[in-house]
Structure formats: C-alpha cells, structure tokens
Amino acid sequence: MKYQVLFCSLFAFCLLFGQSSSYAQTSVTIPIESKDYALILQTDADQRLGITHFGKRLSDAAEYAGIKALYKHNDGNAGIYNNVYTPSGSWSLVEPALQIIHADGNTSTELRYVSHRKEMLANQVSQTSVLLRDPVYATEVTLYFKVYPQNNVFEQWSEIKNAEKGNIRLGKYASANLYFMGSDYYLRHYHGTWAGEMKPEETRLPFGIHTLDSKLGARANLYQPPTFMLSFDQPATENSGKVLLANLAWSGNFKIDFEMDSYHNLRLIAGINPHASEYQLAAGQSFKTPALIYAYGENGIGEVSRNLHSWARNFRVLDGKGSRLTLLNNWEATYFDFDEKKLVGLFAGAKKLGVDLFLLDDGWFGNKYPRNGDVAGLGDWQENVKKLPHGIGYLVEEASKAGVKFGIWVEPEMVNPKSELYEKHPDWVIRQPERPEHYFRNQLVLDLSNPEVQDFVFGILDKLFTQNPDIAFIKWDCNAVIYNAHSAYLEKQKMPQTHLYVDYVNGLYSVLERLRKKYPVVPMMLCSGGGGRVDYGALKYFTEFWVSDNTDPLERIFQQWEYSYYYPAITHCAHITDWSKVGIKFRTDVAMMGKMGYDIVVDHLKPEELEFSQQAIKNYQSISDLIWHGDLYRLVSPWQNPIASSMFVSPQKDRAIVFNYVVSNRYENTFSTAPIKLQGLDPVKKYRLTELNVFPGTRSSINATTVYSGDLLMTVGFNPSLSLRRTSVLVEVKEVR
C-alpha cells in the first residue's frame, strides 16, 4: 500500500470515527496553506489540537474537516499522539515538545485550543497564530506558522508565556512538533569537523528515537549542523519523490528528534537543546523560540531546493537579491607574518588581478600582547603599532589609491588568556572560577549574556566604522566552543546558570541587530573556523558564509554540493588558494560556483596564470548574476560518479552556465563518452554553447557555432569532453535570437 505523506497519526482518530454530530459542531479546523501544499490542524473532542494533514492542497478547503474520519485504528490512545505541540507529564508518554515545572512544583502540563488568528503580511506571506492554554495552570503557548506561498516554505516557532503568579521553569521548549505518516522515512544528515564539514549520511530511520544535536555552545555546527533532508516512503532523487528540507534558525545548541512508533508514524521535534538549559520565566514573562524553516515538495529534491533558495534570497539572507564583491585575502599568503609595507604591496596585486576588494585577515592588532600567532592578543582591538604604525586608516587610503576597497577580519566574541582584556575583565569570560581553564585554539569565549560585553563587542565594529567609514567588508570569525560554562554576570544577577547557552546566542543576535541598524549595507562574511556557524538565524545579518577552511577544490566540490541543497550560491564564499596543487583553472572554475575570491600572492603567478585569472574575473563578472540569482540544477552527482555537473539557469531561460568536473583520477574514460542531459531550459528555444575559462595556449573542443534546441539538450544532452587531461569545463549556454 502506498501511503500519502501526512502530518498525522495512523491511530489518531479511531475514537472520533462515527461519533455524534455534536463533535463536528465543536471541532475547529485550521488550514495553513501554501501555493501547492497544506498543513491542517484540527481539534478533538477534548479541544486538544492535532495535525491531520500535510500534503497536497485540496481544491475544496471544506473537505479538510472530513479527513479525520478516513483514519481508524484499534488503539485506546487514539486522538492524542498527533498533537501539534506535545506537553509533558499528563496524557502523553512520547517525547514532549514542552516540559514545564510549574510554580508549585508540579511537572504536568496540558494544552487546550483557545483561539487562532490569520493575518496577511507583505508579498502574499501569511502568518497564523494559534493560542493554547493549560486549563489548570493557565500557562499559554502561542504557535506561529508563517507561510511563503510561492516557495512552499513554512516557518514555524512557538512563544511560551507564564500566566501564573510565580516563577515557572522550562525544561524543554521546542520550536516545532510535526507528525508524519508514511511507509518509511529516509534522513539525510551531516557530520564533520574542521576542514571536513558537511559529510552526508543517509539513514533509514529505525523505530525509536534518532537525534541530531549540538552541545558546543558557540561554533555549534562544528560536528553537526541543524540542517537535514527527510524523504518519505523511499529516498528522494533530484527529480522525484516527496521530500522536506529543513534548517533550525539558531546559532547555538540544538536538538532535533525523530521518533518512529510501532505503526510507522514519525514525530519530529526540533528546537534549542534543553541540555543544561532549563529556563526560568517570571510571572508575565514570555519565551520565544527560534524558527524551524522547512520547504516541502513532491517532485524531487531539486524543485524544493530551488524554492528554498528563492525564499532565502527574497526573505532571509541579507541583501540576497543584490551583488557581491570579489576579494583578495592575505591570510594564506602571509598568515601572521606581515607589516604595513607588505600589505600595501599586496594592494597593487589585487588591482592587477582585477578584484574589487582587499581583505586584511587575522594578526593586525594587540600591542602589550602582539597578535603574532593565535596564542595572544585576541580581545585587544587596537592596531599593532609595529606592524601598522600608521593605523587602519592609512591602509584604507592606500587601498583606495591602488583602486580597490578595503575590508578587515575580526573575532569579537573571543579572548586569549594572554591579553589585556582578560587581565582587566576576567568576569567577562565564560569560565568556571574554581576549575582549570580549558582552551580551544588557545582562546575562551566572552559572556554575551552580559550587556556590558554586548556593548564591548558592538563597540569593536562601531569604532572601526566610525574611525574608518570607508571600510567596505567585514569577515566575522568565531573559532572556539564553550568549555566550563559559567557566567559571572548571571551569578551577580542571581539568575540561573542554565540560562547561559540561550542568553549567549540571544546576546549575539542583539549585537548584530544593533550593528545592522546602524550599518545596514556593509557586506559581512559569516565565518566560524570554516562552516561552524551556518544557519538561517545568523544569515539574517550576513551576506555570505565561509564554507570551510579546507579550500582544496576537489573537496570543495563535495562540500558545496551538499550546502547547495539548503543555501543559495550567492552565500557560498569560495576562494582560489594554494591548498591544492591542481592547476589554477580547476581551482578557479570550482570557486566560480559561489562567491568567488582569492587567497594567493598575485606576484607568484606565472604570466599565463595571471592572464587566465584576469580573464576569469571578467568572465565571472559577466555570469555572476546567473550564479547568484539563477535556478540551480544538479545534473551529475560526484558521490556516485567520476564526474560532477551542475548548472544555473536564468529565470527567462535564455542563459545558463554549466559546470563540469572530473572528481576521480582513476584511469577510466567512460565518463567522457556519455552526454550530460541539461535541465531547466525552454525546449522550443535555440541555444549556442561556448566554453569559458579556456586556459591560454589551449583550444576548446566545443563548437561555438552549432545551434541546439532546448529539447535536444535536455533529452539527449551535450558532451563537455571531460578527461584526465581536461578535468574542468565551464560552458555558457545562450539563446539564439
């Protein structure tokens, strides 16, 4: 039997089937609809709110009310396990979404439907709020469902209010509690570490609970991101299958549970990790959870992914519909070993190369404890007078004279124990006062739950911008995790230490809100020792993110492939570096698939490499709008094939860019014989193919005069003639008019 994917319990309605009409009169149905799909909530006889449908939208909305009658099961617990926000300690024995210790110490909670409200926001976006209340303790939970109809994207969060007279404690406070019914569920999730981010695993979910989580505090995505893909009944492919792509928009500890029962019903609960994070609410106070963002579709991963990209560019990523700067970074060229003269010399190379901006990385600050390595100086944000006797302002001016903009690296959330900041303000540091300090990259984390620390962190950036208003770019790094979690500020305020993990992230967001209010348009890169902090909570404030410190282009093909499911290419920082000894053409072609940049010494390039790079930047400028704002089609996966191929197509289907790479160096030629079928073109239009980034002294094997129909290119395909001697081929597809 083929099951329809539903957010409901297989046994949720047996007691309801055949009941009297009085129930039908009191039942409330709440449709939450996108363009193609609908999430349906409905009350039962006890006014508990359940999820009765998630799937294709019905043409007649009146029929949603009758779905419950189509499901029966011989189980005495029917009608409760499809709950939309499962409380703990009362009727439910499954994993809760909400756990409360009430003012009198009672640990049981019940939630009954009170009311709901739907409002239309800008751009056809709708927001439905549903009020639930405990009939004994008057605790209130408001569930929010924000729908972006054209993209089939849902954003869901909760707000918990203490309406009691005394303090309550939240043991668990999930953002979303979803329910699915299917024959099987396949979870694509990720693990990794520094320089090895986004390694995928696909798991057929077993009975019981499967958990994705982080307890790192900061740089929380280092080993696992709050990002996943869920396929229903069978693993989804690029062009077929029912699939949900999701991200918890939270830059701290997270917990995502998948609980499958004996009837193949799956409950998904996602939110802040409650580990060591019990949260106290005084009377009248509320707690707002971060949003779970998910896109759903029934025509394969590609369509859902493109919808999520469009949503991100239009509604979430800072300046998602804008442009980006190409840059030359000094990090891999100099590391900490630089001075003013050396940097000014690199400006000329940036101009000669043709990039927009020069980025000064780590090592420019600290005097008592100079930042000449990663062991000292972090936290002392004054220019190092030996390295930069004329200050940052001089570098900004010299870069401008050279014809490029200037950007700078900061890591404002962290401190080295060997620093003036640590000496002056040990109370600003997250540390257990009675235990030995434990360091990650020789540093500790500042306590952003403290408003004084928030002011300090904001002041670092504010001072840079105030003194140097022409700074055009910020790289914001975050390299450490939280050990020995303890806040001197919370202790002084007589607040529970269990607030720290949550208040740290909210403190970070508060700083970023202030920064963006005062400096709304300055581009900022979200970096965290690589991809250790990539989520849609942070990307509200950043224009892009650093994919990984691993810039080997072969590794980047796989990393960028996985990130591309969830984040549009305009957010992927991809640099040409000397990590790998493959030719500069391969390195450049891979970097072009995102927001391209450089980490090289331009004067070390051979003449033909410089000539190639200068032309490649011009090519990139001509096609970057397609990459940043076009529709992505993944054609050939590097995981199952010796080659990788993907393409970006303009909304008008008049242009496309196709990237093709050899990802295996085994001696085999089978990949060079089969055409690659393109996607996303107009079958009736005519197209001409031209190879870009042809290295000086070589010739393209692609005939730029031949005209193809879109139908042929998508049905039969074209052959980029990849081989072990021709490992990267970039092809522009243009409509012939």
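Phenylalanine 180 and phenylalanine 232 are both buried in this predicted model. Their ring centres lie 5.1 Å apart and their planes stand at 35 degrees, so the pair counts as tilted, an angle that falls between the limits of 30 degrees for stacked rings and 60 degrees for edge-to-face ones. Because phenylalanine 180 belongs to strand E9 (residues 168-181) and phenylalanine 232 to strand E13 (residues 227-232), the pair ties together parts that are 52 residues apart in sequence. These two rings also belong to a cluster linked by ring pairs, whose members are Tyr37, Phe54, Phe154, Phe180, Tyr185, Phe232, Tyr294 and Tyr296. The count of aromatic pairs in the structure comes to 42.

Another of these pairs joins tryptophan 331 and tyrosine 335, whose ring centres are 5.0 Å apart and whose planes meet at 75 degrees, so this pair is edge-to-face. Tryptophan 331 has a relative accessible area of 19% and is therefore buried, since the limit for that class is under 20%. Tyrosine 335, with a relative accessibility of 40%, counts as partly exposed.

From phenylalanine 232 the chain can be followed to aspartate 233, which is found in the loop between E13 and strand E14 (242-248). Aspartate 233 is a residue other than glycine with a positive phi, near 75 degrees, and at 15% relative accessibility it counts as buried. A positive phi is also found at asparagine 123, where the value is about 60 degrees although the residue is not a glycine. Asparagine 123 sits in the loop between strand E5 (112-120) and E6, and its relative accessibility of 59% places it among the exposed residues.

Serine 126 counts as buried, because its relative accessibility is 7%. When its neighbours within four places in sequence are left aside, serine 126 is in contact with Lys118, Glu119 and Met120, and also with Phe145, Lys146 and Val147.

The largest nonpolar core has 194 residues, of which Tyr85, Trp364, Phe406 and Trp476 touch the most other members. Helix H9 (residues 500-518) gives the most to this core, contributing 10 residues. Apart from this core lies another, of 21 residues, which includes Ile643, Ala656, Leu678 and Phe718. As for tryptophan 364, the residues it touches, not counting those up to four places away in sequence, include Phe338, Trp381, Leu388, Ile392, Ile408, Trp409, Val410 and Leu464, and also Gln382, Glu383 and Asn384.

Sorted by class, the lining of the largest cavity has 8 nonpolar residues, 5 polar ones and 1 charged one.

Key: Residues are numbered from 1 along each chain as its sequence is written. This is a predicted model: local features need pLDDT of at least 70, side-chain atom pairs count only at pLDDT 80 or more; totals for chains, interfaces and linings use all residues. Side-chain values use heavy atoms; hydrogens and water are left out. Ala, Val, Leu, Ile, Met, Phe, Trp, Tyr, Cys and Pro count as nonpolar, Asp, Glu, Lys and Arg as charged, and the others, Gly among them, as polar. A nonpolar core is a set of buried Ala, Val, Leu, Ile, Met, Phe, Trp, Tyr and Cys residues joined through side-chain atoms within 4.5 Å. Buried means under 20% relative accessible area, exposed over 50%, partly exposed in between (1.4 Å probe, protein chains only). Helices (H or I, at least four residues) and strands (E, at least two) are DSSP runs, numbered from the N terminus. Contact means heavy atoms within 4.5 Å. Rings of Phe, Tyr and Trp (its six-membered ring) pair if their centres lie within 6.5 Å; planes under 30 degrees apart count as stacked, over 60 as edge-to-face and the rest as tilted.
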